[in-house]
Amino acid sequence: MTLSIDKDTIRARLKSSPVLKRLLDFVIMNPVQTRPRWYVRALAPLYQHRGRGSVIHGSVRMDTPPYRRFSLGRRSVVESFSCINNAVGDVIIGDYTRIGLHSTVIGPVRIGNHVNLAQGITVSALNHNFADPSLPIDAQGVSLSQIVIEDDVWIGANAVVLPGVRIGRHSVVAAGAVVTRDVPPGSLVAGVPAAVKKRI
């Protein structure tokens with residue numbers, strides 16, 4: 001007899017018990033550092049999926065608690081001093097993809113195959129809520145909207161990709177661009193906010 005409980009069932013049980021959820025969060029996450037505790041990080045190779053030939057440099061900050069998915073495809077690389085965070089949403093990175101130096105990826109994010117992120121890029125599917133001026137912003141929670149970067153995309157240095165954006169296949173995002181809306185496949189976008197400059 002096989003005992004199997006899917007993650008959705010576990011999440012539903014945790015949502016129905018706020019006390020248990022807070023306790024589990026405290027055991028897994030350091031509330032001041034907002035990252036997994038050292039003993040959780042030490043076990044990361046057991047619950048992260050890393051494809052054959054993939055590399056995560058030693059200086060990368062891997063904020064990847066086990067209750068969300070992190071997957072790095074075959075022969076993909078996360079370069080030095082980057083930060084990968086799946087605490088609020090899965091981070092799935094395809095095959096032959098490179099996350100450049102000093103880049104930040106905050107889930108939920110899905111990155112395809114043969115994608116190149118240059119240096120200093122921010123891809124964040126998380127926004128802080130701020131509508132109520134009577135409350136501090138850090139007390140208003142966050143909102144999430146998945147980012148999808150399709151196959152064969154190149155994003156130039158210091159670009160920012162905001163929540164809810166889909167970047168179509170074989171597109172280029174110019175250095176320093178701020179991508180606030182979807183990028184059609186086969187497009188070059190640039191500027192703040194990013195706009196289509198030409199078709200590729």
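**Close-up views of a predicted model**

**View A. P108 sits in the loop between β11 (104-106) and β12 (109-111).** The model is predicted. The peptide bond that leads from G107 into P108 is cis, and its omega is near 5 degrees. Most peptide bonds are trans.

**View B. A cis peptide bond runs from V192 to P193.** Omega for this bond is near -5 degrees. P193 belongs to the loop that lies between β23 (187-190) and β24 (195-199).

**View C. D63 is a buried residue of strand β5.** The strand covers residues 61-63, and D63 has a relative accessible area of 2%. This value is under 20%, so D63 counts as buried. The side chain of D63 makes a polar contact of 2.7 Å with the side chain of R61.

**View D. R75 has a positive phi, near 55 degrees, and is not a glycine.** Its place is the loop between β6 (70-72) and β7 (77-78). R75 is exposed because its relative accessibility, 55%, is over the 50% cut-off. Most residues other than glycine have a negative phi.

Definitions and conventions
Residues numbered from 1 in each chain as written. Predicted model: local features only at pLDDT ≥ 70, side-chain atom pairs only at ≥ 80, totals over all residues. Heavy atoms only, no water. Helix = DSSP H or I, 4+ residues; strand = E, 2+ residues; numbered from the N terminus. Buried < 20%, exposed > 50% of the residue type's maximum accessible area, 1.4 Å probe, protein only. Polar contact = N/O pair within 3.5 Å; in protein donor to acceptor, adjacent residues only side chain to side chain.
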